[in-house]
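Please keep the sequence and the structure in view while reading.

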Amino acid sequence: MTITYNGEPLTTDATTVFDLVMEQFGTDAGVAVALNRSIVPRSAWKDSALNDGDRVDALTAVQGG
């Protein structure tokens, strides 16, 4: 399927938000996700299905000063 990921088209086999996070980051530590402009709580990632054409924005926390 093709989704929009952080503003760019992405073809992925991920079927849930959790799968996508693991595909892109390899960990869920420090990651926040919005699906179709709605924040998805980490507790709901495995139950949040991705569909063709969805918009996903993901970001990670960065330390520093």
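## A residue of the helix

E23 has its place in helix α1, and the model in which it is described here is a predicted one. With a relative accessibility of 40%, E23 counts as partly exposed, because that value falls between the limits of under 20% for buried and over 50% for exposed. The side chain of E23 makes a polar contact, at 3.1 Å, with the side chain of Q24.

Beyond its neighbours within four places in sequence, E23 is in contact with L10, T12, D13 and A14. For T12, which is 11 residues away along the chain, the separation from E23 between C-alpha atoms is 8.8 Å.

## The buried side of α1

Which residues of α1 are buried? They include V17, L20 and V21, and these cover an arc of only 100 degrees around the axis, which puts them on the same side of α1.

The buried residues of α1 pack against β1, β2, β3 and β5. Just after α1 comes G26, which takes a positive phi of about 80 degrees.

## The sheet

Five strands form an open sheet, in the order β2-β1-β5-β3-β4 and with mixed pairing. The edges are taken by β2 and β4, each of which has a single partner strand, so one side of each is left without a neighbour in the sheet. Helix α1 packs on this sheet, where it touches β1, β2, β3 and β5, and its direction makes about 130 degrees with that of β3.

The parallel part of the pairing includes β1 (residues 2–5) and β5, which are joined by two bridges, and here T4 stands opposite R55 in β5. Strand β3 (residues 31–35), by contrast, pairs with β5 in the antiparallel sense, over five bridges; V31 has T60 as its bridge partner in β5, and L35 has V56.

## Strand β1 and its hairpin

On its other pairing, β1 runs antiparallel to β2 (residues 8–11), to which four bridges join it, and Y5 stands opposite E8 in β2. Two residues lie between the strands of this hairpin, in which N6 takes a positive phi near 50 degrees.

## The nonpolar core

The largest nonpolar core has 15 residues, and those that touch the most other members are Y5, V17, L20, V33, W45, L50 and V56. Two or more residues of this core come from each of β1, α1 (17–25), β3 and β5.

W45, one of those core residues, is in contact with T16, V17, F18, V21, D28, V31, V33 and V40 when its neighbours within four places in sequence are left aside.

## Loops around β4

The loop between β3 and β4 holds N36 as well as R37. Both have a positive phi although neither is glycine, the value being near 50 degrees for N36 and near 70 degrees for R37. Are these residues buried or exposed? N36 is partly exposed, with a relative accessible area of 40%, whereas R37, at 66% relative accessibility, counts as exposed.

S48 belongs to the loop between β4 (38–39) and β5 (55–60). Its relative accessibility is 15%, so S48 counts as buried, the limit for that being under 20%. A polar atom of the S48 side chain lies 2.7 Å from the backbone oxygen of A44. Apart from neighbours within four places in sequence, the residues in contact with S48 are T15, T16, V17, L35 and V40.

Terms used. Residues are numbered from 1 along each chain as its sequence is written. Side-chain values use heavy atoms; hydrogens and water are left out. Buried means under 20% relative accessible area, exposed over 50%, partly exposed in between (1.4 Å probe, protein chains only). A polar contact is a pair of N or O atoms within 3.5 Å; within protein, one must be able to donate a hydrogen and the other to accept it, and residues adjacent in sequence count only if both atoms are side-chain atoms. Contact means heavy atoms within 4.5 Å. Two strands pair if DSSP finds at least two bridges between them. A nonpolar core is a set of buried Ala, Val, Leu, Ile, Met, Phe, Trp, Tyr and Cys residues joined through side-chain atoms within 4.5 Å. Axes are lines fitted to C-alpha atoms, for helices over the stretch in contact, and angles run from 0 to 180 degrees between N-to-C directions. The arc is that of the directions from the helix axis to the C-beta atoms.
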